[in-house]
Amino acid sequence: MRLSELAKALGCELDGRGAAEITRVTGLEDARAGDVTFLSNRKYAKHVAKTRASAIIADASLKSAPCPIIRSRQPYVTFAEALALLTPRPAAAPGVHALAAVDASARIAASASIGPFTAIGPGASIGERTVLMPHVVIGAGAVVGADCLIHAHVSIRERVTIGNRVIVQDAAVIGSDGYGFAKRADGTHHKIPQVGSVVIEDDVEIGAQSAVDRPAVGETRIGAGTKIDNLVQVAHGVKIGARVLLAAQVGIAGSTTIEDDAVFAGQSGAVGHVRVGKGSIVTAKAGVTHDLPPGSAVSGFPAFDLGEWKKASVAFRRLGRPSRAPRPSPRPRRKR
């Protein structure tokens with residue numbers, strides 16, 4: 001694709017000549033002729049002068065470069081769009097593979113692609129242009145919307161509802177039983193039937209080997225645009241709002257509510273029955289044990305205000321250190 005065509009497709013102005021042929025997107029230091037690179041973090045501005053790329057995506061703060069500049073207000077978003085244009089995903093052929101097992105009562109859109117060794121249960125529904133990769137299992141009565149991509153070995157259990165444009169990475173499980181047991185008088189545990197539902201709204205992505213559990217009653221719900229990383233546990237009855245980000249190994253205990261635009265960094269989590277306010281940030285390894293008002297930023301366990309945690313961490317490091325004894329004052333010289 002010619003550079004001028006790429007800039008037009010991205011809806012950006014081009015500062016410089018557009019004749020170069022562009023074949024891929026790559027980083028500043030690795031770029032060669034035929035590549036387009038990007039600058040979204042000013043920390044890497046020092047590498048611009050030496051780049052050998054045929055073009056760079058940057059905002060107005062970059063005054064000059066040794067190559068044409070694709071001007072963007074959001075360079076990182078434009079980088080992602082360029083990547084999609086230059087490395088499109090191979091289209092899956094519509095139809096049901098001969099080695100798939102599809103119940104006669106299931107409804108499969110004509111434009112959907114059903115891979116080998118998939119199993120689709122009674123009354124399930126698969127939407128237009130949705131792709132099921134090999135070994136996917138769709139339970140009875142489950143609904144998968146349009147333009148979804150369900151990767152290999154994913155299990156979408158009975159009566160789960162998946163919206164449109166949802167991506168589920170390999171080996172994730174949606175609708176597994178919640179962790180619910182009633183303790184008997186003799187100390188043994190009686191399993192509580194987990195018969196509630198799970199709803200995944202539009203434009204959600206769920207990472208590899210993550211689990212979203214169903215509750216005994218009611219529903220577990222993940223809001224539109226939420227992005228979940230690998231190895232994340234969302235327990236029964238959790239309500240997650242729109243555009244929430246859960247990084248790898250996050251754990252959210254049962255019946256917790258996470259409001260829109262919240263962020264949980266890696267290996268952080270929340271206990272059950274708490275509410276995390278809109279736009280809150282929970283830093284890596286932090287554990288939320290109480291309700292957080294909107295806009296909170298917390299760290300540590302139990303999690304508390306990030307600014308206070310930074311002060312406390314300085315104090316922690318000083319604990320156990322021997323205190324410095326004050327130096328004795330010099331003796332005054334005797335007059336002769």
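Ser54 is found in the loop that runs between strand 3 (35–38) and strand 4 (55–58), where helices (H or I, at least four residues) and strands (E, at least two) are DSSP runs numbered from the N terminus. The model is predicted, so local features need pLDDT of at least 70 and side-chain atom pairs count only at pLDDT 80 or more, while totals for chains, interfaces and linings use all residues. Residues are numbered from 1 along each chain as its sequence is written, and side-chain values use heavy atoms, with hydrogens and water left out.

**Ser54 and its surroundings**

- Ser54 counts as buried because its relative accessibility is 15%; buried means under 20% relative accessible area, exposed over 50%, and partly exposed in between (1.4 Å probe, protein chains only).
- The side chain of Ser54 reaches the backbone nitrogen of Gly34 at 2.7 Å.
- Once neighbours within four places in sequence are set aside, the residues in contact with Ser54 (heavy atoms within 4.5 Å) are Leu3, Ala20, Ile22, Arg32, Ala33, Gly34, Asp35, Cys67 and Pro68.

**Helix 1**

- Leu3, Leu6, Ala7 and Leu10 are the buried residues of helix 1, and they lie on the same side of the helix because they cover an arc of only 95 degrees around its axis, the arc being that of the directions from the helix axis to the C-beta atoms.
- An α-helix has 3.6 residues a turn, so residues three or four places apart point the same way.
- These buried residues of helix 1 pack against strand 1 (13–15), strand 3, strand 4, strand 5 (69–71) and helix 2 (75–86).
- Lys8 and Ala9 are exposed on the other side of helix 1; Ala9 belongs to this helix, which spans residues 3–10, and counts as exposed because its relative accessibility is 51%.
- Ala9 and Ala109 are separated by 100 residues in sequence and by 30 Å in space, C-alpha to C-alpha.
- Gly11, whose phi is positive and near 70 degrees, follows helix 1.

**Pockets**

- The largest pocket holds about 420 Å³ of space; on a 1 Å grid over the protein atoms alone, a pocket is an open set of points where a 1.4 Å probe fits, with protein on both sides within 12 Å along at least five of seven lines, and lining residues have an atom within 4 Å of a point.
- Its lining consists of 20 residues, of which Arg89, Pro90, Ala92, Val131 and Leu149 lie nearest the centre of the largest pocket.
- The second largest pocket holds about 170 Å³ of space and is lined by Gly27, Leu28, Glu29, Phe38, Leu39, Ser40, Asn41, Tyr44 and His47.

**Backbone features elsewhere**

- A cis peptide bond, with omega about -10 degrees, joins Phe301 and Pro302, and Pro302 lies in the loop between strand 37 (297–299) and strand 38 (304–305).
- Arg129, in the loop between strand 11 (125–126) and strand 12 (131–132), has a positive phi near 65 degrees although the residue is not glycine, and Arg129 is partly exposed with a relative accessible area of 47%.
- Gln209, in the loop between strand 23 (205–206) and strand 24 (211–214), likewise has a positive phi, near 60 degrees, and counts as exposed at 54% relative accessibility.

Methods
Polar contact = N/O pair within 3.5 Å; in protein donor to acceptor, adjacent residues only side chain to side chain. Points joined across faces, edges and corners; volume = space filled by probe spheres on them.
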